[in-house]
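Then turn to the charged pairs.

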Amino acid sequence: MNRFEGKTGLITGAAAGIGRATALRLASEGASLMLVDVQADAVAETAGLCAGSGKVLHMACDVSDPAQVGAAIDRCVSELGKLDVLVNIAGILSLDHTHELSLERWNQVLTINLTGTFLFCQAALPHLLKSRGNIVNTASTSALAGMPYGAAYGASKAGVMALTRTLAVEYGKKGLRANAVSPGSIKTAMGSRQNLPEDLDWKLIERHMPLDEARGPEVVANVIAMVGSDEGAHINGESIRVDGGTLA
Ligand SMILES: NC(=O)c1ccc[n+]([C@@H]2O[C@H](COP(=O)([O-])OP(=O)(O)OC[C@H]3O[C@@H](n4cnc5c(N)ncnc54)[C@H](O)[C@@H]3O)[C@@H](O)[C@H]2O)c1
């Protein structure tokens, strides 16, 4: 398939996991890409792995810094000529006993996951309106069903969903679409149990376990590629669960 031939995309969080898988997928279908992440070396590595007919650029960028966000969008448009698809994937997970969750940690999760997504959407809007492009944001099953220890994370992702729906109805008449994917149980560094606190009640977390098995980040990239391409032309304001049936 070559659904992104002649199209230009910007992907945040492209150094690893779902972001890297999405970069590889869109590049393989002909997209020219601007890849951004706080991990400068790893995002450069992703760019090197991309194989396709388009040009692939990369730069270090903290999605929570408005100046860095503006610089990434400017460079994308000046060097690649336009922007057709914005894919916001950068995010952090924090699992905490809510009574112990510090305000600092709460703010950090909201700032990266929600404000970072907002900043990129806002900076990209003028260009996406010009190209009649679209946005794919990354929410989470934690926005749809209570996720124990995920007060900040779930709130940030529910915010991403509300932001996505707002953009869909506010700009839909002008030809812009905005959708979200809601992954669950995807095998990435974030999903690895090793990175989580040990004193959590895993029985409580079981409702967020997949029906059959966890899968790799490419299963989310597949859905992002469909929604972000013209195949998704009639999908707007939607959030698609990619969770192996966990919340079915
Ligand atoms: N893995 C899952 O099961 C799962 C489930 C639901 C939602 N998600 C969401 O999917 C997205 C990708 O997660 P993943 O599993 O690939 O995790 P990951 O940790 O492998 O990748 C996240 C990427 O975001 C980058 N990042 C973090 N903070 C950033 C910042 N301030 N600015 C720029 N980049 C930043 C990281 O460097 C990393 O490359 C996240 O938004 C996450 O919340 C993942």
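**Around the ligand**

An oxygen atom of the ligand lies 2.5 Å from an N or O atom in the side chain of tyrosine 153. This is a predicted model: local features need pLDDT of at least 70, side-chain atom pairs count only at pLDDT 80 or more, and totals for chains, interfaces and linings use all residues. Residues are numbered from 1 along each chain as its sequence is written, and side-chain values use heavy atoms, leaving out hydrogens and water.

Threonine 188 places a polar side-chain atom 2.5 Å from a ligand oxygen. For glutamine 39, a side-chain N or O atom is 2.9 Å from an oxygen atom of the ligand. The protein covers 92% of the 830 Å² of accessible area that the ligand has on its own (Shrake-Rupley method, 1.4 Å probe).

The shell holds 26 residues (a heavy atom within 4 Å of the ligand). Ile18, Asp37, Ile89, Tyr153 and Thr188 are the closest. By class, 15 are nonpolar, eight polar and three charged. Helix H1 (17–28) and helix H5 (151–171) are the elements that give two or more residues to this shell (helices are DSSP runs of H or I, at least four residues).

**Charged pairs**

Side chains of opposite charge can pair when their charged atoms come close. The whole structure has nine salt bridges (a side-chain nitrogen of Lys or Arg within 4 Å of a carboxyl oxygen of Asp or Glu). One of them joins arginine 3 and glutamate 29, at 2.8 Å from N to O. Arginine 3 precedes strand E1 (8–12), while glutamate 29 sits in the loop between H1 and strand E2 (32–37), so the pair ties together parts 26 residues apart in sequence (strands are DSSP runs of E, at least two residues).

Terms used:
A polar contact is a pair of N or O atoms within 3.5 Å; within protein, one must be able to donate a hydrogen and the other to accept it, and residues adjacent in sequence count only if both atoms are side-chain atoms. Ala, Val, Leu, Ile, Met, Phe, Trp, Tyr, Cys and Pro count as nonpolar, Asp, Glu, Lys and Arg as charged, and the others, Gly among them, as polar.
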